[in-house]
Amino acid sequence: MRLSIDHRTVYRFSEPQSRLVQMLRMTPENSHDQTVARWRIDVDCDARMRRGRDGFGNAVTMLYAEGPIADIEIAVRGEVLTSHSDGVVRGVNEVLPPAVFLRATEATPRDPDIAAFAAEATGAADGAVGKLHALNRAVNARFAVDRTRPEPGLSAAAAFARPAATSRDLAQIFTVAARSLGLPARYVSGYSVVEGSLRPTPHGWAEAHVDGLGWVGFDPFTGRSPQEESVRVAAALDASGAAPVAGSRLGEGEEELDVAVTVSAAQ
């Protein structure tokens with residue numbers, strides 16, 4: 001499948017900023033099941049950009065802009081060719097052992113309610129893969145879908161108490177649940193057509209590690225593994241570690257964020 005992606009992020013500031021430093025996790029990489037046909041990042045002001053990697057091995061672009069800056073638009077455009085993988089992740093840059101992804105974070109804390117839910121959902125399943133698929137279906141069935149922008153700072157435990165959840169929240173809930181079963185799990189950010197062609201944020205799903213098989217993707221938004229409809233960009237312990245844009249600014253005032261993501265597919 002050929003996926004075309006347009007991802008625009010606009011920051012507006014109530015007071016001009018003296019300096020911006022941003023880490024952009026917006027660049028997918030080639031793997032066994034995805035090939036980047038074309039990709040570019042444009043900024044509508046004078047800026048320096050330097051490519052590198054973060055601590056999880058994700059490709060990043062560091063952006064440095066000197067002020068005064070009243071607003072800035074980061075525009076990402078590209079095309080990626082994807083193929084069916086049964087959810088198995090192959091050919092990606094791995095720098096950390098799977099056991100690292102058993103760690104809890106502020107956004108993905110250990111939670112007794114989620115652990116009890118995971119135990120009940122997987123009680124009749126056989127093997128790690130069977131348990132993970134059962135868990136994925138159970139998380140999908142429990143929540144109504146929320147297609148709005150995720151609430152900043154909302155933890156998986158807090159999201160679990162609500163009737164509806166965004167793709168980010170579903171993925172973080174799945175991650176906490178899988179870890180409660182003793183299985184390493186991580187959050188993945190990327191692009192997908194499963195939420196419709198236009199949405200306010202990139203898509204989020206999860207990956208869990210299975211001995212003898214490796215990392216396998218699970219998307220509780222759909223209740224199945226991500227396939228050729230998804231483009232993998234970054235993975236981390238939680239959504240903040242895989243955020244498309246993160247950084248700092250030097251200046252007073254408030255900021256306003258506007259994000260628009262368009263994903264279209266052609267066979």
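Which backbone nitrogen does the side chain of Asp54 reach? It's that of Phe56, at 3.0 Å. Keep in mind that this is a predicted model.

**Asp54 and its loop**
- You'll find Asp54 in the loop between strand E3 (48-53) and strand E4 (59-82).
- Asp54 counts as buried because its relative accessibility is 12%, and the cut-off for buried is under 20%.
- Leaving aside residues up to four places away in sequence, Asp54 touches Met23, Arg25, Val60 and Gly241.

**Strand E9, residue by residue**
- E9 covers residues 203-210 and is mostly covered itself, with eight of its eight residues buried.
- In a regular strand, side chains alternate between the two faces of the sheet.
- Here, His203, Trp205, Glu207 and His209 point one way from E9, while Gly204, Ala206, Ala208 and Val210 point the other way.
- Both sets are buried, so whichever way you look from E9, you're looking at residues with under 20% relative accessible area.

**Who pairs with E9**
- Strands of a sheet pair through backbone hydrogen bonds, and they can do that parallel or antiparallel.
- On E9, strand E7 (residues 185-192) is an antiparallel partner, joined by six bridges.
- One spot to look at is Tyr187, whose bridge partner in E9 is Ala206.
- Strand E10 (residues 214-218) also pairs with E9 in the antiparallel sense, over five bridges.
- Across that pairing, Glu207 stands opposite Gly217, and His209 stands opposite Trp215.
- E9 and E10 make a hairpin with three residues between the strands. In that hairpin, Gly212 takes a positive phi near 85 degrees.

- Four strands form an open sheet, in the order E10-E9-E7-E11, with antiparallel pairing.
- E10 and strand E11 (230-236) are the edge strands, each pairing on one side only.
- From one strand to the next, the twist averages 35 degrees.

**Helices against the sheet**
- Helix H4 (residues 167-180) packs on the sheet and touches E7, E9 and E10. The direction of H4 makes about 155 degrees with that of E7.
- Helix H2 (residues 127-142) lies across E9 and E10, running at about 160 degrees to E9.

Notes:
Residues are numbered from 1 along each chain as its sequence is written. This is a predicted model: local features need pLDDT of at least 70, side-chain atom pairs count only at pLDDT 80 or more; totals for chains, interfaces and linings use all residues. Side-chain values use heavy atoms; hydrogens and water are left out. Buried means under 20% relative accessible area, exposed over 50%, partly exposed in between (1.4 Å probe, protein chains only). Helices (H or I, at least four residues) and strands (E, at least two) are DSSP runs, numbered from the N terminus. Two strands pair if DSSP finds at least two bridges between them. Axes are lines fitted to C-alpha atoms, for helices over the stretch in contact, and angles run from 0 to 180 degrees between N-to-C directions. Contact means heavy atoms within 4.5 Å. A polar contact is a pair of N or O atoms within 3.5 Å; within protein, one must be able to donate a hydrogen and the other to accept it, and residues adjacent in sequence count only if both atoms are side-chain atoms.
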